[in-house]
Amino acid sequence: MLRRAVLQTFRQGLAQSFFKRNAVSLSETTVTHQPIETSDEADEKSVSKQKPGDESGNTVVVAPPEFRFMYPEFLPDPAMERRNRLKEKLERIDMLQRRSVVEIPEFYTGSVMAVTVADANSPNKFARFVGICIQRGGSGLRAWFILRNVVDKQGVEILYEMYCPLIQKIEVLRLERRLDESLLYLRDALPEYSTFPLDMEPERRLNNSVVPINPLKVKLRPRPWLERWERQNLQGVEDLNLPQRFYDKAEKVAKPWEKYDLMLQYRKTIPAEEQEKIFADVHSQLQQQEFKRKIRRRRGIDNEQ
Amino acid sequence: MSTLGLLRTLFNPKIVTPNAIQLQSLNRSPFLVGLFFNHEQVRTMSRVKRRTTHPPYWHVLKNNQRQDEKISSDNLRFVREVIQDKYKNKSPIKGSDLDIEKKEWDPKTKRSGVIARNIGVQHMWEKDGKKVVCTVLHVLDNHVIRYVPPEEYAKSIIGAKVFRNRKPLGCLVVGAEAANPDRFTRQYCSLFNEVGLLPKKRLARFIVTPNAVLPPCTPLTAGHFVVGQAVDVYGKTIDYGFQGVVKRWGFKGGPASHGATKFHRRGGTIGTGRDKARVWPGQKMPGHMGSERRFCRGLKIVRINMKYNVIYVKGTVPGPTNSIVQIFDTVLPRRKFTEAPPHPTYFPPEDGTLPQEDIWDSSLHVFGSPSISV
């Protein structure tokens, strides 16, 4: 059973609500906060849907819509000049091959993860790092994420490439989301918000079907900061308590028309029809891999017992 | 002859690659520059016209100049049927059908090249975990159109220049990307009448030795190359348009602040006023940048996908994504073939099975294999 992400449109604005490009089904538009689904509904929705049928009468298998949140790196870079369908297809095949060897779990910005990497300079030849995912990006085999932790009072960030063959294991210790898509402000926050014990155990979740959103509001250190956080509409920080001139300047510099810019959204995203095609292509293999891993895990538990 | 000219001929042998005209590269060694050249700037490409927007005058008009004719749907269908009938019976040549006697490969053989499209860049990893940026080249539906024997080619305009003081070689005309004949002129389609193929969007010439000749209508695929070999890739660089002096020539411009008035990305002085008292030809100035013929030499092939006809080449090639490039065996002497490659080209087995779909170089980490432990 696939875990189902809570449907929440991160991108604000009128354009996203009505524009099908964002692949949000029309029944679920114009709402920024969805009520948490019951597990029954979630179960129904997590199974891959079968469309009523195309002209030839064959049923068309469609991946569940949450795939675009769980596996965002399968979507290519939207820049039209550099797109090529054949190359994207070949890259997807390679990505699935790599995923068949290493489990790359579902994670979001704000999840606490542990990554084990082969390292020639380590005493055990393997280096394990635990941290909170503050940013993720890239598409295809270039997909990456940054983990942050504070070790011996020193903030440490490591960028991992998800498909690098040196990575032995990726574990998600705490699967949750935050109020922002990028947590770079943790660099200017008090260190306790970025500190996680290096021997942290994976946390069990009570409700498997929904990924919780942690409504934590982080306290920032006094200025100077690395970026002008007051200009970025951050939801996950406490009141910045800055003099009014900062907010005035932020207003002057802001681009409030961007949320009405349909073409901007169009250029930043892959069209819904293409997303469906891509994930339909890929989801059966991902499901098979997930299934095999579950069996292996169960066998592992049985063997232990 | 001036001192400069004499020194140029003494120290700079003319490097002419067989597959295109290339101007001589200048020896810029610091020793020579200090000893002989004073402060004279070296200006080679000053008077040469580097790009044109029109094809050479001996090319036939290619694209159909007529506007969309108002044809009824019935007639359109009929036209399509005629085209299908005309071209349907041509089948690609198999290895056993080769008309000419199979000639032996020797180290001096020049094989045909291949027309491909640069479809993007993919990251791969070597067995020690080092990341490698590979360009993905999709070999299009190449067919040999015509062979021009050495004697005839040496009389043509380009051939005469290329083989001025050398023994002439033959030339294979290869076409790629079949298209609807409607979009081309009759003269252009007539180039393909002998072969009986659908007219191709792109044509290229490859210089070959007579023992690597291929008969017309031979298909060329990704299997023409061998994993691990070095290739040269010819392409036209990214077109940047009219660019200023900072981007085009790497000038430093002026200070961003400290009172600089309107002098941030300009070139500054363009002459001394004393020596020669004029602007020298070849003075670096703003102008059109890019869209130039370039070769990337000695790129290693790290992976070939026979099913999709795709070659992965280590490094980057000239040109933007989705542009057409030409690939051929390298001319670099230390990276040439020591063993015989598929000669004159690769022919798939008669029963249609592929011996191996995806061939990887031994240095690369295959994605389906276990993670690397150092």
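B:Glu151 is exposed, with a relative accessible area of 54%. The terms here run as follows: buried is under 20% relative accessible area, exposed is over 50%, and partly exposed is in between, using a 1.4 Å probe and protein chains only. B:Glu151 sits in helix H4 of chain B, residues 150-155. Helices (H or I, at least four residues) and strands (E, at least two) are DSSP runs, numbered from the N terminus. B:Asn63 is 88 residues away from B:Glu151 along the chain, and their C-alpha atoms are separated by 31 Å.

Some bookkeeping. This is a predicted model, where local features need pLDDT of at least 70 and side-chain atom pairs count only at pLDDT 80 or more, while totals for chains, interfaces and linings use all residues. Residues are numbered from 1 along each chain as its sequence is written, chains are lettered from A and ligands numbered from 1 in the order in which they are written, and side-chain values use heavy atoms, leaving out hydrogens and water.

Now the sheet in chain A. Five strands form an open sheet in the order S6-S5-S4-S3-S7, with antiparallel pairing. Its edge strands are S6 (154-161) and S7, each of which pairs on one side only. Two strands pair if DSSP finds at least two bridges between them. Strands of a sheet pair through backbone hydrogen bonds, either parallel or antiparallel.

Which residues of S3(A) are buried on each side? On one side they are A:Val112, A:Ala114, A:Thr116 and A:Ala118, and on the other A:Met113, A:Val115 and A:Val117. Seven of the seven residues of S3(A), 112-118, are buried, so this strand is largely enclosed by the rest of the structure. S3(A) pairs with S4(A), residues 126-137, over seven bridges, and A:Ala118 has A:Phe126 as its bridge partner there. Six bridges join S3(A) to S7(A), residues 167-174, where A:Thr116 is partnered with A:Lys169.

Last, the cores. A nonpolar core is a set of buried Ala, Val, Leu, Ile, Met, Phe, Trp, Tyr and Cys residues joined through side-chain atoms within 4.5 Å. The largest has 54 residues, and A:Phe74, A:Phe145 and A:Tyr163 touch the most other members. It draws at least three residues from each of domain 1 (62-101 + 255-295) and domain 2 (104-236) of chain A; domain bounds come from an automatic or database domain assignment. A second, separate core of 34 residues includes B:Val114, B:Leu137, B:Met306 and B:Tyr346.
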